[in-house]
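Keep the picture open as you go through the points.

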Amino acid sequence: MSLMALIAGDLPGVNRERCIKMAIVHDIAEAIVGDITPSDGIPKAEKSRREQAALTEMCKVLGGGMRAKEIKELWQEYENNASLEANLVKDFDKVEMILQALEYESEHGKVLMSFSFQLQENFKPI
């Protein structure tokens, strides 16, 4: 996601640096709790709780302060879909999942049509 944000062309009204930071923050949480997908059966509220706990722990490791506050704010903005940048990074996350599904299909000879269809239905480009 961070790479997608980095190489994305200039979009009117979009702060690319903020997108990159938001993608990194989102990936930090996933690196700790794992990439929880809808097919895992974990309620959205529980997924959010786990990711927030992971980020809180990461912010403690950083010693708190201004950067920890920024990380928490970026994560909350992403979670709440509170900006154009958050919407774009969420779209990057969906594209990344679709790419993972296509790679899995190619490597393992499996058809993940229902998974791909579910993602496409939830994909609402800006």
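In this predicted model, 60% of the contacts in the protein chain between residues at least 6 apart in sequence join residues at least 24 apart; a contact means heavy atoms within 4.5 Å. Six helices and zero strands make up the secondary structure, where helices (H or I, at least four residues) and strands (E, at least two) are DSSP runs, numbered from the N terminus. Along the sequence the pattern reads α-α-α-α-α-α.

**How to read the model**

- Residues are numbered from 1 along each chain as its sequence is written, and side-chain values use heavy atoms, with hydrogens and water left out.
- Because this is a predicted model, local features need pLDDT of at least 70 and side-chain atom pairs count only at pLDDT 80 or more, while totals for chains, interfaces and linings use all residues.
- The predictor's confidence in each residue is called pLDDT, and runs from 0 to 100.
- The protein chain averages a pLDDT of 84, and 88% of the residues score at least 70.
- Which elements have the lowest and the highest mean pLDDT? Helix α6 (residues 113–122) has the lowest, at 54, and helix α4 (residues 65–79) has the highest, at 92.
- Where pLDDT is low, the predicted coordinates should not be read in detail.

**Inside and outside**

- Of the 126 residues in the protein chain, 36% are buried; buried means under 20% relative accessible area, exposed over 50%, and partly exposed in between (1.4 Å probe, protein chains only).
- The protein chain exposes about 7800 Å², and carbon and sulfur atoms supply 57% of that area. Accessible areas come from the Shrake-Rupley method with a 1.4 Å probe, and for residues only the protein chains shown count as cover.
- L3, L6 and I7 make a nonpolar surface patch of about 320 Å². Patches are made of residues with over 30% relative accessible area and no salt bridge, joining like charges within 9 Å and nonpolar side chains (Val, Leu, Ile, Met, Phe, Trp, Tyr) within 5 Å.
- I7 belongs to helix α1 (residues 2–7) and is exposed, with a relative accessible area of 64%.

**A look at helix α2**

- Helix α2 (residues 16–33) has 18 residues and spans 26 Å from its first C-alpha to its last, close to the 26 Å expected at 1.5 Å a residue. The expected span is 1.5 Å times one less than the number of residues.
- Among the buried residues of α2 are C19, I20, M22 and A23.
- The cover over the buried residues of α2 includes α1, α3 (44–61), α4 and α5 (84–108).

**Salt bridges**

- How many salt bridges does a search of the whole structure find? There are eight, each being a side-chain nitrogen of Lys or Arg within 4 Å of a carboxyl oxygen of Asp or Glu.
- In helix α2, K21 and E17 lie four residues apart, about one turn of the helix, and their side chains form a salt bridge (3.4 Å, N to O).
- K21 is partly exposed, at 28% relative accessibility.
- E17, K21, R67 and E70 are linked in a network of salt bridges.
- The side chains of E46 and R50 also meet in a salt bridge (2.9 Å, N to O). E46 and R50 are separated by about one helical turn because they are four residues apart in helix α3.
- E46 is partly exposed at 23% relative accessibility, and R50 is partly exposed at 31%.
- E51 and K47, four residues apart in helix α3, form a salt bridge with their closest N and O atoms 3.1 Å apart. Are E51 and K47 buried or exposed? Both are buried.
- An α-helix has 3.6 residues a turn, so residues three or four places apart point the same way.
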